[in-house]
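Hello,

I am passing the structure on to you. Please have a look at it before reading my notes.

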Amino acid sequence: MDLTAISPALLVASLMVGATPLLLAALGELVVEKAGVLNLGVEGMMIVGAICGFAAAVQTGSPLAGFAFGALCGAGLSMIFAVLTQVMLSNQVATGLALTLFGLGLSSLVGQGYIGIKPPPTVRLDLGPLSDIPFLGRAVFSHDWVVYGSIALTAAVWWFLNRSRAGLTLRAVGENHDAAHALGIRVVAIRFAAIAFGGACAGLGGAYVSLVRVPQWTEGMTAGAGWIALAIVVFASWRPARVLVGAYLFGGVTVLQLNLQAAGSALPVEYLSMSPYVVTIVVLVVMSARRGARSTAAPASLGKPFHATV
Amino acid sequence: MIRLEKRPQPSRAWSWATPLLAVALTLLAGGLMFAALGKDPVAALRTIFLDPLFDPQFAAYSRPQLLVKAGPLILIAVGLSLGFRAGVWNIGAEGQYIVGALCGAGAGLALYPLEAWWIFPMMVLAGAAGGFLWAMIPAILRIRFNTNEILVSLLLVYVAENLLASMAVGRLRNPEGGGFPGSRNLAQWSSSANPELIPGTGMHWGVAAAFIAVILAYVLLQRHLMGFHIRLAGQAPRAARFAGVRPAVLVAFCLGVSGALAGLAGIFEVTGPSGQISIDFNVGYGFTAIIVAFLGRLHPVGILFAGLLLALTYIGGELASFMLNIPAAAIQAFQGMLLFFLLAVDVLTNYRIRRGRTVTP
Amino acid sequence: MEDGTAPLLALSGLTKSYPGVRANDDVSFAIHAGEVHALLGENGAGKSTLVKTIFGLVAPDAGEMRLAGKPFAPASPQEARAAGIGMVFQHFSLFDALDVAENVALGMDTPPPRRVLQDRIASVSREYGLPLDPRRIVGDLSAGERQRVEIVRCLLGAPRLLIMDEPTSVLTPQEVALLFATLRQLTAEGTAILYISHKLDEIRALCDRATILRGGRVVASVDPRESSARDLAEMMVGEALSAPARSGAAGGGELLEVDALSLPPAHAFGTALREVSLTLRAGEVLGIGGVAGNGQDELLAALSGEMRADAGRIRLRGTGVGRMGPVARRARGLLAAPEERLGHAAAPDMSLTENAVLSAHTRKRLARRGFIDWRAARAFADAVIDRFDVRTPSSRTAARALSGGNLQKFVIGREIMQDPVVLVVNQPTWGVDAAAAAAIRQALIDLAGRGAGVIVISQDLDELMEVSDRFAALNGGRLSAPRPAAGLSVDEIGLMLGGTHDMEAAHAHPH
C-alpha cells in the first residue's frame with residue numbers, strides 16, 4: 001500500500017465535503033428529537049432530497065435551485081410523517097421506517113431518467129487570501145458555501161435551542177408534552193415545524209451528496225448516511241457542537257477508507273467499505289455504556305405519542 | 001373542527017377493517033401514481049393484481065411464484081412481528097437473511113461434492129444459527145449496554161451486504177465458475193437442493209416452514225405465557241416488569257427468533273429459488289417483511305394474507321414492468337404507500353373521529 | 001365583603017358534556033376578591049373540568065363567565081393568564097430537565113431576559129416566604145420546592161385569581177402551614193384564591209366560602225367554618241360514611257423482615273433507599289407515610305421483586321427472597337399492588353381476564369407448563385369482579401374502560417384473592433371515590449384479620465391512621481422506626497415525615 005498517495009490537504013478537504021451531508025441531516029434530526037419526535041425516516045428524506053435536488057439542478061442548470069428544491073422535497077416528505085404521527089397518532093418507529101422505504105422507492109422512480117448525467121458544478125467560494133494559505137487554503141478554505149453554511153447552521157441551532165424563547169418552548173415540548181400543553185403551548189404545531197426543519201435539513205444533505213460529493217445520481221446512493229446521522233445524534237448526546245464533532249468523525253472514517261481503497265490497502269475493499277458502519281456501532285455501544293442512569297440526555301418525551309386529553 | 005376521541009377499548013371491527021381500507025386507499029393512490037407516470041391506471045392495477053393469477057398466458061408461471069415469494073416474506077414477518085409486539089425493533093432482518101444464507105451455504109459447500117441425506121438439514125440448521133447469531137449482536141448490545149437495537153440491527157445490514165460481496169467473490173466463489181462472482185449452484189447439487197415439493201405449486205421447504213411458523217406463532221401468542229408476556233411488554237412495559245417479565249430474556253427471545261427465521265428464509269432461498277450465493281441474491285425481503293408484519297396487524301394469520309398480497313405486488317410488478325414498461329421502483333413506492341395508509345387508518349381502531357370543538361389545540 | 005361589591009369571577013350556568021357523562025351541569029357560583037374559595041367534591045365530581053374551563057383549556061357547551069363584570073371566555077391558557085388568572089396544577093406542569101428560571105419563563109407570555117428573571121424569582125420568593133434557587137434543575141427538587149416553582153411562576157404574573165388544585169397532597173404538615181401563610185398574605189393583598197381539595201380540615205381552617213360539587217352539579221354553597229367536617233363530607237358524597245371496622249388481631253409471628261436494605265434510585269430523578277429496616281407480624285397493618293418522591297416507588301419495587309437486592313436483606317418467613325424476581329416471590333406469598341393502576345398494576349388495553357393472568361398465574365395455577373388456561377383465568381377474574389363489586393360489563397372489558405375506583409378494586413382484589421402471606425400496597429385509594437376507598441381499606445383490614453401481614457404505603461395520613469397498627473415514615477429514602485399508630489399526634493407525624501428539613505436545605509444553597 002502506498003500511503004504517500006494520500007495527500008493530507010486533499011484528505012481534510014474531502015473530509016469536510018464528506019461530513020457535510022451527515023452534519024446537515026443530523027442537525028435536522030437533533031431539532032426533531034429535541035421536540036420529542038423520533039423520525040427514523042432520515043434516510044428516506046435524504047435520498048428523496050438527493051434525487052429532487054439533482055433533477056432540479058439539471059433542469060434549471062442552477063445548483064442553488066437544486067439545493068432549494070432538495071430541501072423543499074425533504075420537508076414535503078417529512079410532512080407525511082408529521083400528519084401520520086401527530087394527527088393520526090401512528091407509531092413513530094413504524095412511520096419513520098415507512099418513510100424510508102417509501103423514499104427509497106420514490107427516489108428510484110423519479111431518478112429513472114437521470115442516471116449517468118453530470119449535474120451543473122457548484123462553485124467554490126473564493127475566500128481571497130485565505131484560500132491562498134498553504135495547506136489550510138486547500139484543505140479548509142476552498143469549499144462551496146454549503147460546507148460553511150452547515151457549520152454556521154450548527155451555531156445557529158445551538159443559539160436557537162439554548163438562547164431563544166422559541167428554542168426553550170421546543171425543548172419544553174420534548175421534555176414533557178403534557179405539561180407544555182397545560183401551559184397553553186401548541187405542542188402539535190411546534191412538532192410540525194420541527195419535523196419540517198428536520199426534513200429540509202435531510203433533503204439539503206441528500207442534495208449535497210448528489211450534487212457535490214459524488215456528483216451524480218445512482219439508486220440508493222445515500223447508502224445508510226441517514227442512519228449514521230441518527231446515530232450521530234445519539235453519539236452527540238443531543239448537543240449541536242458534538243453533532244459537528246460526530247459528523248466530522250464519521251465523515252473522516254468514510255473518507256479515510258475510500259482513500260485507503262484507492263491507495264491499494266492490503267485489506268479487501270469490502271472490509272474497508274463496512275468500516276464506517278462498524279465504527280458507528282462501536283461508538284454507539286461506547287456512548288450507551290458510558291451513560292449512567294443520572295445523565296440520560298435524551299428528551300423525556302422522545303417517541304411518545306401525544307394526545308390532548310380533556 | 002375534527003378531533004379524535006379515545007375509545008374505551010380497541011374496536012374489534014376496525015381492527016379487521018383497517019387493513020382492507022388501507023389496501024383500497026393504496027389502490028386509489030397507486031392508480032393516481034400510475035396515471036402520473038402516463039400509464040392507464042386500470043390496466044396497470046389489473047396487470048399487477050389480477051393478471052398474475054388469472055391471465056391464461058401468465059398464470060401458469062405466476063401462480064407458483066406467489067408461494068415462492070410469499071414464503072420468505074411470511075417467515076421473516078412472523079419473526080419480526082413478535083419483536084414489534086414487544087417493543088423490540090429488529091429492522092435488520094435483511095442482514096440476518098444474508099448471513100443465514102452465507103452460513104448455511106458455507107456449511108454445505110465445505111462438504112462438496114459429498115452426497116448425503118443429512119447435508120440439507122444440516123445446512124438449514126446452520127442457516128438458522130447464522131441468522132440467530134447475527135441478530136444476537138444487537139440483542140447482546142441492547143441487554144448489556146442498552147444500545148439502541150434499531151440502529152445497530154439496521155447498520156448490520158450494510159455490514160452483511162459487504163460480507164456477502166466479499167464472500168461471493170472470495171471464499172464461496174465457484175472455483176469452476178470461470179472467475180465470475182457467485183457460488184456453486186446449490187439447487188443443482190442434490191444433497192443441498194431445496195426442490196419444489198409439489199410440482200406446479202411453488203411449494204418448497206421454506207414455504208412449509210413459513211406455514212409452520214404461522215401456526216406456532218399463533219399458539220405462542222394466544223396460549224403461551226411467553227406470548228402473553230410479549231404482548232404485555234409491548235403494551236405496558238412497567239406492568240410487564242411487575243408481572244415478572246425479564247426484559248433481557250424478552251429482547252434475546254424476540255431478536256433471536258426473528259433472526260433465526262430470517263436466516264432460515266435466507267438458506268431456503270439460496271438452496272431453492274435463487275440457487276446460489278451471488279452479490280445481489282437478496283432482493284429486499286427483509287425490508288418488505290416489515291410492511292408485511294404491519295399489514296398483517298402483527299397477527300400470524302394476518303401476516304399469512306399480507307405476505308401473499310405483497311408477493312403478488314412483486315410478481316405483478318415484474319409483469320407490469322415487462323408488459324407496460326412501468327419501472328420496478330414504482331412497486332417499491334407502492335409498497336411504502338401501503339404502509340403509510342395502514343398506519344394512517346389504524347387510528348380508527350383506537351380512536352373515534354368526532355366533529356365539533358372542545359379542546360383548544 | 002361578599003355583599004355589595006361585584007364578584008371578581010362569576011360563573012353562571014356552565015355546562016360541559018363528554019360522551020356518556022355530563023362533567024358540569026349548570027354550575028353557578030361567584031368568587032370575590034380577597035377570599036379563599038373552596039371547591040369541594042369527590043373525584044369525578046367535575047372539579048377539574050370546571051377549573052380547566054376557567055383556565056381556557058376547555059370550552060363550555062353552555063353558560064358564561066364574567067371577570068370583574070366583563071364577559072370572560074378564554075380560548076387558551078395564555079388568554080386566561082393575560083386576564084389575571086394563575087393556576088397551580090395538581091400534577092405539576094414542570095419540566096424536570098430544565099432549571100427553575102426556564103420553567104418559570106415557560107409559564108409567562110413575555111418573559112424578561114434571563115438575568116432579570118432570576119432576580120425577580122429571588123425577590124418574589126423572598127417576599128412570600130418561598131425559598132427557591134432559580135438556577136437549580138427542577139428534577140432535583142423536592143415536591144414542596146417544585147410546588148413553590150409553580151406558585152412563583154403564577155405570582156410573577158400578578159394574578160387576580162389563583163387556582164390551586166389539591167395543593168397540599170404532596171406536602172408535609174409543616175409545609176402546609178407555610179403554604180397557608182403565603183396564601184393568607186396573598187388574600188390580604190386582594191388576590192382571590194380558588195382552592196380545590198377534598199381535605200375537609202384544611203378547608204375549614206383556610207377558606208371563607210365553599211362550593212360543593214357532586215355529579216357535576218353544585219349541591220351546596222356554605223361557610224366551611226360554620227359546618228362540621230362530617231356535614232361537608234356527607235354533602236360531598238351524598239351518603240353517610242362509616243369508619244372501617246377493626247379486628248385487632250395484630251401481633252402474630254414474624255412474616256417479613258427487611259434488614260438495612262439500600263438500593264439505587266429506579267430512574268434519573270428517583271430516590272435511593274438507604275438502610276431501610278422493618279419487621280412485619282402476622283395480622284398486622286404497617287402504615288408507611290411520606291411525601292411523594294421520598295422512595296415509595298423504590299420500596300414497593302424492592303418488595304415486589306421488580307428491583308433485586310442481596311438475598312438476606314429481605315426475608316419472608318425466614319427465607320431470603322431478596323434476589324428473587326416477582327414470580328418467585330409471589331409463589332412464596334409476597335404480593336404487591338403498585339400505585340399506578342394503568343400501565344403498572346394493569347395493562348390498559350388488555351381485558352380484565354388477561355390482567356388477572358398478569359399477576360395471578362403462579363398462585364392460582366392459571367398456566368400449566370407455560371400454557372395459559374383461559375377458562376380458569378376467566379373464572380378467577382369473574383370471582384374477583386364478583387367479590388369486590390367491580391362495576392364492569394364483563395371480564396372481557398379492557399382495563400382502561402373501567403373507572404379509577406373500579407379498576408383499583410379489581411387490582412387490590414386480584415392480589416387479596418390469591419391469599420397472600422404478605423401484601424404490600426402503594427397508594428391504595430389514590431384518586432378513588434369515597435365508597436370504593438372505604439371498601440378497599442376494609443378489605444385490607446380484613447386481610448390482616450385473617451392472619452396476613454399488610455404494608456400500606458400512602459401519602460394520605462388520614463387513611464394511614466385509619467388502617468394502621470403501626471406507623472413509620474419514609475423520608476429521603478430512609479424509613480423511621482415504626483411506632484404504634486394509636487395516639488400519634490399530627491405534629492409527631494409531621495416530624496417523622498421530615499418536617500421542614502428540605503426548606504433548610506433550600507436555605508443552605510444561597511444564590
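Below are notes on chain A, its two partners, and the domains of chain C.

This is a predicted model, in which local features need pLDDT of at least 70 and side-chain atom pairs count only at pLDDT 80 or more, while totals for chains, interfaces and linings use all residues. Residues are numbered from 1 along each chain as its sequence is written, and chains are lettered from A and ligands numbered from 1 in the order in which they are written.

Chain A

Chain A has 13 helices and zero strands, and its pattern along the sequence is α-α-α-α-α-α-α-α-α-α-α-α-α. Helices (H or I, at least four residues) and strands (E, at least two) are DSSP runs, numbered from the N terminus. With a radius of gyration of 20 Å, close to the 19 Å that the globule rule gives for 310 residues, chain A is therefore as compact as a globular protein of that length. That radius is taken over C-alpha atoms, and the globule rule is 2.2 Å times the number of residues to the power 0.38. The C-alpha trace of chain A spans about 65 × 45 × 40 Å along its principal axes.

Of the 310 residues in chain A, 54% are buried (20 or more other C-beta atoms within 10 Å of the residue's own, with C-beta atoms placed from the backbone). Among contacts in chain A with a separation of 6 or more, 79% join residues 24 or more positions apart; two residues are in contact if their C-beta atoms, placed from the backbone, lie within 7 Å.

Chain B against chain A

Here 41 residues of chain B are in contact with 43 residues of chain A. On the chain B side, at least two residues each come from β1 (2-6), α6 (119-145), α7 (149-169), α12 (285-295) and α14 (328-345). The most come from α14(B), with 11 residues. By class, this side of chain B has 30 nonpolar, nine polar and two charged residues. Ala, Val, Leu, Ile, Met, Phe, Trp, Tyr, Cys and Pro count as nonpolar, Asp, Glu, Lys and Arg as charged, and the others, Gly among them, as polar.

Chain C against chain A

In this pair, 18 residues of chain C are in contact with 15 residues of chain A. Both α2 (77-82) and α3 (100-106) of chain C supply at least two residues of the side that touches chain A, and α3(C) gives the most, with three residues. That side of chain C has 11 nonpolar, five polar and two charged residues.

Domains of chain C

The assignment, automatic or from a database, gives domain 1 (9-237) and domain 2 (254-507) in chain C. Their C-alpha centres lie 31 Å apart.

Regards

Notes:
Buried ≥ 20, exposed ≤ 12 C-beta atoms within 10 Å, placed from the backbone.
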